[in-house]
Amino acid sequence: MNTAIAHEFVKMHGLGNDFVVLDIRRSGLTLTADAVRAIADRRRGVGCDQLIVVEPPRGDNSTAWMTIYNPDGSESGACGNATRCVAWLLMGETGADRVVIETRAGLLKAETRGDRMVAVDMGPARLDWRDIPLAEARDTLHLGIGLGPLSDPVGVSMGNPHAVFFVPDVADVNLSSVGSGLEHHPLFPERANIEIVQVLGPEKLRMRVWERGAGITQACGTGACASLVAAARRGLTTRKAEVVLDGGSLFIEWLADDHVLMTGPVALAFRGTLDPSLMA
Ligand SMILES: N[C@@H](CCC[C@H](N)C(=O)O)C(=O)O
């Protein structure tokens with residue numbers, strides 16, 4: 001471990017879902033959960049919704065491995081907005097217009113769609129209760145749980161767990177008061193990301209999110225994918241929709257092979273150097 005070295009980072013976001021991106025492909029840094037929490041702290045660290053570590057590829061078919069940490073120090077298998085950001089950085093390095101990134105959710109293929117727009121194949125939506133995972137066998141189309149005004153979500157795994165609740169109007173739900181209770185519901189042994197979704201039309205959804213390990217964020221890429229899959233499964237939309245989040249829109253398509261394609265913007269805010277004390 002080389003925690004004494006000051007590490008350079010890039011601060012990026014996708015629709016206001018913000019990330020500290022640490023490229024350790026040459027430095028070989030090992031991060032503790034305490035270091036993740038310190039870097040993600042918005043007052044004493046840099047501050048972010050997720051800390052993203054770019055590592056050397058583990059297989060032959062990708063450019064890099066990406067590890068995703070939430071600000072509470074926990075690790076997630078997937079992050080849609082960060083995948084676009086990291087893909088954009090890696091494509092910028094080589095000048096290529098496509099790249100493959102390895103994650104715990106598998107190999108994710110990304111390609112540029114013009115100026116700071118990136119499309120990522122987020123892999124297949126997984127709908128079996130064991131994949132989410134749930135604590136017991138249930139029909140993932142009707143999980144049958146609820147809290148306050150929210151009831152009966154759809155369960156979807158995009159490499160991370162999601163519970164999608166449909167509501168008449170997202171503005172009427174106090175997400176801060178129900179988010180944590182649903183994230184920690186006993187049905188979700190690995191906790192869950194919680195989406196509330198309003199159907200605006202057959203190809204348009206409005207979504208707000210309470211992210212596992214992070215709380216309310218302005219956008220969640222995997223949450224947008226899970227919401228479109230849940231809406232299409234319930235017959236509320238077609239398999240393609242614009243998902244309007246607090247931070248802006250993502251364009252999601254659930255392809256015939258069950259893979260979910262996500263297209264949206266990336267933004268680079270600044271570059272900086274982490275003080276070694278944050279990693280001690
Ligand atoms: N912001 C993300 C999801 C980040 C991980 C999530 N909080 C989890 O714990 O699964 C996205 O854009 O998908």
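## Reading the annotated sites

A: In this predicted model, the "binding site" annotation of an unreviewed UniProt entry covers Asn17, Gln50, Asn70, Gly80, Asn81, Asn160, Asn193, Glu211, Arg212, Gly221 and Thr222.

Q: Which residues does the annotation "active site" cover?

A: Cys79 and Cys220, again according to the unreviewed UniProt entry. They are spread over 142 residues of sequence, yet they cluster in space. Their largest C-alpha distance is 7.5 Å.

Q: Where is the place of Cys79?

A: In the loop between strand E5 (75-76) and helix H2 (80-94). Cys220 also has its place in a loop, between strand E15 (215-217) and helix H4 (221-233).

Q: Is Cys79 buried or exposed?

A: Count the other C-beta atoms within 10 Å; 20 or more makes a residue buried. Cys79 is buried because it has 31. Cys220 is buried too, with 37.

Q: What does Cys220 touch, not counting residues up to four places away in sequence?

A: Asn17, Asn193, Val209 and Glu211. Among them, Asn17, Asn193 and Glu211 carry the "binding site" annotation.

Q: Where does Glu211 lie?

A: In strand E14 (residues 204-211). Glu211 is buried, with 27 other C-beta atoms within 10 Å. Leaving aside neighbours within four places in sequence, its contacts are Asp49, Asn193, Thr217 and Cys220.

Q: What about Gly80, where is its place?

A: In helix H2. Gly80 is buried, with 27 other C-beta atoms within 10 Å. Beyond neighbours within four places in sequence, its contacts include Gly221 and Thr222.

Note on methods
Residues are numbered from 1 along each chain as its sequence is written. This is a predicted model: local features need pLDDT of at least 70, side-chain atom pairs count only at pLDDT 80 or more; totals for chains, interfaces and linings use all residues. UniProt positions are given in the numbering used here, feature names are shortened, and annotations may be inferred rather than shown by experiment. Helices (H or I, at least four residues) and strands (E, at least two) are DSSP runs, numbered from the N terminus. A residue is buried if 20 or more other C-beta atoms lie within 10 Å of its own, exposed if 12 or fewer, and partly exposed in between; C-beta atoms are placed from the backbone. Two residues are in contact if their C-beta atoms, placed from the backbone, lie within 7 Å.
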